[in-house]
Amino acid sequence: MNVIKVLNAQPAEDGAGVKIRRVPGFDGRYLDPFLMLDELKSDHSDDYMAGFPAHPHRGIETFTYLIKGGFEHRDHLGNRKAVRAGDVQWMSTGKGVIHSEMPLADSEGLHGFQIWLNMDAKDKMNAPQYQDSAQSGLPQISSQGVHLKALAGAWTLNAEQVQSPLSNLACNGAIADINIESKAQLEMPAMGCERVLAYIHTGSITAAGQRYQAGQLLVLDGDCAIIATTDQPSGLLLLRGEPLHQPIAHMGPFVMNTQAQLQDAIRDYQNGQFGQLSQ
């Protein structure tokens, strides 16, 4: 496993004061086509119960995955779903969505992620789309102490392949949650993909003699096999996609290609062209 760069998640707040750890990538240098990875992890309700009240988006895809706890997603398109531990939820915001994500009252602690993916310039004004795994579930592979859950896209572990029901992410994006038992070894062939990222969310892994800890995002060489060991139960998110190499103009919940397009997004939202989140 060839690690090109190590990025450390930094403490931050978002929504109505939700405490998170964030790895930003709006400069397009290391994460493209991914824009941001937020980890929400706390057993204290004060850290997350204020949630993410109604807010707009344009020009991105949002991907939410929960290991523990739950959220209720609502949007102006009429989608209203409880997303619980083990579920994923994907939204292609396109030309405009207003949505909220509020923690469920019965959540005893929260551990989850929200990942932003950029959209190709030609697709940013497409109609919004929504999908989740609450009904379908997510396929898994287990082999020699390694457990892979396909959150999005197709994945292979020891010649066995699984396909997530979420397969339409921008830029051929794919995401897997991999859990490794103590003393087990993770072995995966080269992805053959320009962008491969690994975010360690539990424990630690060792690769090529170097130890990496929870809260670190590793930018990997997609032409190299992934080989890592651990001396404790550990988990990581593995992400892959094809970079866009396009200009990024970012302002809050809007990600476009130019400043003029950002101003258009603000004006359209203020004029009510994004719709209204129903009560």
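Which residues do ring pairs link into a cluster? In this predicted model, select Tyr 65, Phe 113 and Tyr 199, which are joined by ring pairs into a cluster.

Next, select Leu 148, Trp 155, Ile 178, Met 188, Ile 205, Ile 226 and Leu 238, which touch the most other members of the largest nonpolar core, a set of 29 residues. Strand E17, residues 174-180, supplies the largest share of this core, with 4 residues. Apart from this core lies another one of 26 residues, including Leu 7, Leu 37, Tyr 65 and Phe 113.

Return to Ile 205 and display its surroundings: leaving aside residues up to four places away in sequence, its contacts include Met 1, Ile 180, Tyr 212, Leu 218 and Leu 236. Then move to Trp 155, where the charged end of Arg 240 sits over the ring, 4.3 Å from its centre.

The aromatic pairs come next, and the count is 6. Select Phe 26 and Trp 116, whose ring centres are 6.0 Å apart and whose planes stand at 80°, so that the pair is edge-to-face. Because Phe 26 lies in the loop between strand E3 (18-24) and strand E4 (34-42), while Trp 116 belongs to strand E11 (residues 110-118), the pair ties together parts that are 90 residues apart in sequence. Trp 116 is buried, with a relative accessible area of 7%.

Finally, select Phe 254 and Phe 274, an edge-to-face pair with 6.0 Å from centre to centre and 70° between the planes. Phe 254 is in strand E26 (residues 254-256) and Phe 274 in the segment after helix H1 (259-270), 20 residues apart. Phe 254 is buried at a relative accessible area of 5%, and Phe 274 is buried at 3%.

Conventions. Residues numbered from 1 in each chain as written. Predicted model: local features only at pLDDT ≥ 70, side-chain atom pairs only at ≥ 80, totals over all residues. Heavy atoms only, no water. Core = buried A, V, L, I, M, F, W, Y, C linked by side-chain atoms within 4.5 Å. Buried < 20%, exposed > 50% of the residue type's maximum accessible area, 1.4 Å probe, protein only. Helix = DSSP H or I, 4+ residues; strand = E, 2+ residues; numbered from the N terminus. Contact = heavy atoms within 4.5 Å. Phe/Tyr/Trp six-rings, centres within 6.5 Å; stacked < 30°, edge-to-face > 60°. Lys NZ or Arg CZ within 6 Å of the ring centre and 35° of its normal.
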